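I opened the notebook to record a look at domain layout and helix packing. The entries follow the order in which I looked things up.

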Amino acid sequence: MLLAQASTSLLPVDLYATLPFWPLLGAIFTGIMIALRLKAERAFWPVVLGVGVSAVLGVILFFDLPGMLPHKADAGVTGHVAEAAHEYHDPGFTHTIYNWISLGDENSLKHDQWISVNFYFDGLTGIMIAFVTVVSLMVMIYSIGYMRDHHGHPERGYERFFAFMGIFVFSMAMLVFAGNFVLLYLGWELVGLCSYLLIGFYYKKPSAAAAAKKAFIVNRIGDFGFALGIFALYMFIRPLTHSGENPLDYAVVFHYIGELSQGKITLVALLLLCGALGKSAQFPLYVWLPDAMEGPSPVSALIHAATMVTAGIYMIARCGPIFAASQTALNVIVVLGVIGAMLAATMAMAQYDMKRILAYSTISQLAYMFVALGCSTPASGVFHVFTHAFFKALLFLCAGSIMLQMGHIIDLRRFSGLRNILPHTKRLMLIGCLSLAGFPLLAGFWSKDEIVHASFVYHPIVGALMLITAGMTAYYTFRMYFLCFHGPLRLPKEAGDHPRESPPVMIAPLYVLALGAIVAGYVGVTFTMLMGDSFLGFLKPHGYFHHYLHASTVVGGEQHGGGLWLMYVSSAIAIAGIWLAWVRYGDAPVEDPDKAALGGLWRLWNAKYYLDELYDRLFVRPLRGLGRFFFATDNNGIDGLIWVVTAVPRAMGGGLRLLQNGALQGYALGMVIGLTVIVLLWRWLEINGA
Amino acid sequence: MPSAAFAISITSLVPELILAAVGCVVLLMTQAKSGSVRRAVPGITLSGIVLAILILRFGHLLGISVGADSINGGLVFDGLAGFVRVSALILGVLIVLVSWVQPADEERGEFFSMMLFSLAGLMLVGPSADLIVLFLALELVSIPTYIMVALSRPGPRPLESATKYFYLGAMAAAITAFGFSYLYGVTGGAALDAGAVDRIVDALRDPDSPAHNLATIGLLLSVVGLLFKIAAVPLHFYIADVYQGAASPVAGLLGFVPKLAGIVAIFKIISLTGWATTEGALFWILWIVAVLSMTIGNVLALRQTNIKRMLAYSGIAHSGYMLVGILAGPIVAGERAESIMGDGTAAVLYYVVIYGIANLGAFALLGLLRVRGRPCETLRDVAGLLRYYPSIALLMALSMFTLMGMPPTPGFWGKLSIFGSALAAAEFAPALYHDWIIALVIIAVLNSALAAAYYLRVIAAVLLFESDEPAEPTPREAPMIGALLCGFLLLVFAFYPKPLMRLGRDASDRLLVPPPTVQVESTSAIVAEATLLDESPPF
């Protein structure tokens, strides 16, 4: 079966399977450069080249993949899976590299089952790997110029930064390629580790170290659930499998999931959801993401906006057959998504730190994707993941560019009117903001509108809340934009006398991302001549992207037709939001007009609903108390216990020492006593007929 | 006729003979006046081992049959023999590298010749299918190790350790020999073949037969005596003193060579019972020994701040885990579909090798480091290594994680397969034993958690703590290469454990099928004599 597919592909599958390892190789090279204490100046080369090779492979794979996948018609040939009487047809194929962990050996047992190192290829893989590698490459190139001090010399830890980023791209690619849950979990934890290391990149800064710890610990809570979910899957699925079917492979799990009871499926789905909530920073586990902005801006752009945080959405979309079978889990996802979207959007309206505003907006946009997943239109969610990656990475990198020129000041109250100093950044930021705000015809508009439409089909109230959030998004995005670029020129003293535009090595990749922020949406749109059935007369939602995703494990209800009126409404809302922001913040007032107008509500938003404080009271302090308790028990209790346990040998030793003059005889006596006890024990057992 | 048989056995023993011959050459080199000749000793030792590996692997191309699947003169070259020979030689390379510079120049020849003899002994334990050959091979493993401990470094400490080790070892060997003599009495011959298994099994099944007590006590004494080799309770007393007294690389060797020899010998003895380990008196004895070994080893290790002593005590605990796998036996769950891993002995073999590599790696790193000119031993000595010597610190952490059984290190796969096979055995065992095996696994898992405490303490010291007076690595390439190779092998077996597990599986395959009885004229007289003995009551 595999051979037949390989013949129809442009490059051999084995070559595609090397994709994750190029950045790792680059990271290892950089590591060697660190070990040899070479000059930091060129440390980026191995990693950038490695990621470059991955990006090329990723893009080729994206176009190559549809031809490689098994066609619906000959799904019956794809082996054991289709033979059973179930409706599930494996839409992709699993490429096994080697067998890793034995779950029963073919020699001794009937079961030839393994946890393999295998990659799963389907439409979702193609989409994810293409944008992950391309965006990564752009961010890497940007970082070459960004991770420097104001003299243009590499910052301290320049090499370390690139090594970690290389490992991150490797881990993310592994996460996307993984063909079974164990490998998925491995990639999942590795990206978490990279995130931790990179948030704490400036580890000498206490706030950065604390943020890194917070991110890691909050993610542990989610990952605990995720791990339990995988255990549960193994427990439920394994008894159903036959020899030759690895019980944690996607293909096998999705094949048998229908045979489980509703309760078991819901349990698995909710446990897996825990992991997604942590990794994708959703309510109630979102608290780590705003703090994660302590890391360098390229890290925020790549890991905490474009790629890693979408892993949760990826995972739920990947597990489509599991989630689709549990309406309860889907409802939970919708509720959490709506709460998260509104909560984060309102918090974003009352912040001054640019990167934090973007972080809250990321949480809010991720919540949109969650709502899409919950409304049984996961394809729309993945579409938003795709477009969001471009414009959010663009926005973060623009913020980084501003931050670099403002002497690492990012507080919107400290500067304004930068339009003439940073012309390129301003233009790029405008594109990013428009796309995020859902301005018609830009990338963000198409994907967000699909989600809003799906939520209206799900329930009108959910749809209305999504629309309101969309308006807020447009408003806070442009509040940030106007405060930054409009009004009179004001500079912080940290910026020096002559701040100037960032170097081309930083600006050039931004133009690529900006292009993506404009046109990425058209992958999911069809051009049409039918006037009555289309937006503005020639555009119709649902396009190539969705057809591409058909051949994937992303299952759910089809996007319903109609809803064109909604596109006009949401366009109007987006423009209204931008207009309102223009009216209130167009000249970048020093006194915040909202602060006065909204009063208590604004203060509540500004203080993030006091949720951090609440968590501190509810969880952090009790846990710290518990920690102290354990520490005390360890110091007194356990040591005491050990003292008691060792008292017997000590007493014995003491007793023996009285009898003996030296250790040797004591040891020999001990051996003989032991032997005697064993023989006596045997006699006793014989007599008692054991 | 005898000459033909003799020829076969000689060619199949070529790898062992190479080691012995190189050992003799190296021993003679001690007498050389020139220092440069003496300095060549480790290199010659290493090339001898490499040559043995090449012969073992490619000998058939030269027409040298190294004894694949052949039986002659008390030796059976089956999968188990292959496993022992390969792992002994590969670990041998690591051991030579690690102890490259160990003893003073004058004693280097003796030291390395003893190492070669010991390795040759280990390689003979694998194929031995005869009580006498087995005993001789075991002593060939042990006696050189006593000398190595004494020679490993200057001063009175190693001499004291070696003396203790020697006397206690001699006592344990006496216990084993005593047990062997009983077995000889029951089976009527020294051969460990199908006939012997039949006799022992018959004797064990029938409590009223005169041979019953003889067989049981023979088995018990043999196994208990062998517990010394693997340092399990109650024959564990020597281990901490010996490890501490010996130089670090020798302590690393002691964690593998005698342990594998002991484990394989125990396999061979228990094979005589037809692997009915999950029933009868032997079950309870092994159960108690396993629990006590794990618990006592871990509790003692928990209190140590001296890393060498800690590793010594933890070695007792690891022997306890291995005994769990021995209790599970080979391929217990042949027909069971629900088991995770059904092969306890294969798991144990895998685990011995992994433990050997990790332990050797840890000791090699300790041996590399010096604090104010003296060897590095305590937690305080290794504190803050990460800052100054990151590669040493990371290798140390890798070794400790493996010993601890942290996934995905190979130590975890080893523990997983051992405990998994024990659970499979529980499914298969009679009702009474079922719960006790489950309890044993629970105790073993709890013990693993307990062990994590002291391994993590080393990792924390190495990676997290600061030190005003960090240890200095001695600038020695060979031991560093050895340590790096240990780390490399651990990584390979972490992500690709299949080949080693497969080797272990092949080794364990034959344990349930004893070699057929070969009727040789010279032994038939003994058999006749023994049948007479059988008829008269022993007590």
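This is a predicted model: local features need pLDDT of at least 70, side-chain atom pairs count only at pLDDT 80 or more; totals for chains, interfaces and linings use all residues.

Entry 1, domains. I looked up how chain A is divided and found domain 1 (1-325), domain 2 (328-606) and domain 3 (665-690). I then took the centres of domain 2 of chain A and domain 3 of chain A over C-alpha atoms; 77 Å separate them.

I checked helix α6 (residues 123-146) against helix α13 (residues 297-306), both of chain A, and noted an angle of about 165° with the axes 9 Å apart. Angles over 145 degrees count as roughly antiparallel, so I put α6(A) and α13(A) down as roughly antiparallel to each other. Their crossing is right-handed. I listed the contact residues: α6(A) gives A:F131, A:V135, A:S136, A:V139, A:Y142, A:S143 and A:Y146, and α13(A) gives A:S297, A:P298, A:L302 and A:A306.

I turned to helix α18 (residues 378-405) and helix α20 (residues 443-458) of chain A, whose axes come within 9 Å and cross at roughly 155°. I therefore recorded α18(A) and α20(A) as roughly antiparallel to each other. The crossing of α18(A) and α20(A) is left-handed. On the α18(A) side I wrote down A:S380, A:F383, A:H384, A:T387 and A:F391; on the α20(A) side, A:A443, A:G444, A:W446, A:S447, A:K448, A:E450 and A:I451. I sorted the residues of the α18(A) contact with α20(A) into five nonpolar, five polar and two charged.

Definitions and conventions. Residues are numbered from 1 along each chain as its sequence is written. Chains are lettered from A and ligands numbered from 1 in the order in which they are written. Side-chain values use heavy atoms; hydrogens and water are left out. Domain bounds come from an automatic or database domain assignment. Axes are lines fitted to C-alpha atoms, for helices over the stretch in contact, and angles run from 0 to 180 degrees between N-to-C directions. Helices (H or I, at least four residues) and strands (E, at least two) are DSSP runs, numbered from the N terminus. Angles under 35 degrees count as roughly parallel, over 145 as roughly antiparallel, 65 to 115 as roughly perpendicular and the rest as oblique. A crossing is left-handed if the near helix is turned anticlockwise from the far one by less than a right angle, and right-handed if clockwise. Contact means heavy atoms within 4.5 Å. Ala, Val, Leu, Ile, Met, Phe, Trp, Tyr, Cys and Pro count as nonpolar, Asp, Glu, Lys and Arg as charged, and the others, Gly among them, as polar.
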